[in-house]
Amino acid sequence: MPKARMSLSKKVNLQFTAIQSSYWISFVPLGGFAVVLLQSKSFTDSEIGILLAMQSIASIVAQPLISAFASRHPDTPLKKIVSIMLLLGAAATSIFYFLPHLFLPAVLIFVAIGMTHYSAPAFLNAMAMQLTNAGIKIN
């Protein structure tokens, strides 16, 4: 492998590692402790179940919609789409931390988090595939 190509591969791997690490570090508080967070806001077990189910359904519905958007707009880089998704997910998560126990706003926020933050891993993998297809090895 030429030296310039190896340097590019190393740089891209470091950047991709930073993106993946940042994503999973930000995922842990809400993904791993969603029930604890919701209980601390006095949500009932039934409400928690509904919120988490809605979040999962939103993620399932959003992925093909976002994929279709990305396919129809090849001039928009996937990294820009993923960045916007993660920023919107972070904003929704931040708003939720300041809301009291209000079920309807919580549903909307958890749907937004499901559509953005929970859908992101598929698109991060797609970015890795794009890089691999371009001849850049991703570890």
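What follows is a walk through the predicted model, from its overall build to some of its individual residues.

A few ground rules come first. This is a predicted model, in which local features need pLDDT of at least 70 and side-chain atom pairs count only at pLDDT 80 or more, while totals for chains, interfaces and linings use all residues. Residues are numbered from 1 along each chain as its sequence is written, and side-chain values use heavy atoms, with hydrogens and water left out.

Let's begin with the whole chain. Its secondary structure amounts to five helices and zero strands, where helices (H or I, at least four residues) and strands (E, at least two) are DSSP runs numbered from the N terminus. Reading along the sequence therefore gives the pattern α-α-α-α-α. The C-alpha trace spans about 60 × 30 × 20 Å along its principal axes. Of the 139 residues, 32% count as buried; buried means under 20% relative accessible area, exposed means over 50%, and partly exposed is in between, with a 1.4 Å probe and protein chains only.

Now follow the chain to the loop between helix 1 (3-40) and helix 2, where you will find serine 42. Its phi is near 65°, a positive value in a residue other than glycine. Serine 42 is exposed, at a relative accessible area of 52%. Phenylalanine 43 is found in the loop between helix 1 and helix 2 too, but phenylalanine 43 is buried, with a relative accessible area of 5%. From phenylalanine 43 to leucine 78 there are 35 residues in sequence and 36 Å in space, C-alpha to C-alpha.

Helix 2 covers residues 45-72, and leucine 65 has its place there. With a relative accessible area of 53%, leucine 65 is exposed. Leucine 65 also belongs to a nonpolar surface patch of about 440 Å², which it makes together with Ile50, Met54, Ile57 and Val61. Patches are made of residues with over 30% relative accessible area and no salt bridge; like charges are joined within 9 Å, and nonpolar side chains (Val, Leu, Ile, Met, Phe, Trp, Tyr) within 5 Å. A salt bridge, in turn, is a side-chain nitrogen of Lys or Arg within 4 Å of a carboxyl oxygen of Asp or Glu. Accessible areas come from the Shrake-Rupley method with a 1.4 Å probe, and for residues only the protein chains shown count as cover.

The loop between helix 2 and helix 3 holds threonine 76, which counts as partly exposed at 22% relative accessibility. The C-alpha atoms of threonine 76 and asparagine 139 are separated by 25 Å, with the two residues 63 apart along the chain.

Helix 3 (residues 78-98) packs with helix 4 (residues 103-116) at an angle of about 155°, their axes being 8 Å apart. Axes are lines fitted to C-alpha atoms, for helices over the stretch in contact, and angles run from 0 to 180 degrees between N-to-C directions. Helix 3 and helix 4 are therefore roughly antiparallel to each other, since angles over 145 degrees count that way, while those under 35 are roughly parallel, 65 to 115 roughly perpendicular and the rest oblique. Their crossing is left-handed, meaning that the near helix is turned anticlockwise from the far one by less than a right angle; clockwise would be right-handed.

Helix 3 also packs with helix 5 (residues 120-133), at an angle of about 160° and with axes 10 Å apart. That makes helix 3 roughly antiparallel to helix 5, and helix 3 passes helix 5 in a left-handed crossing.

Isoleucine 81, in helix 3, is buried with a relative accessible area of 8%. Proline 121, in helix 5, is partly exposed at 21%. The C-alpha atoms of proline 121 and glutamine 20 are separated by 8.7 Å, although these residues are 101 apart along the chain.
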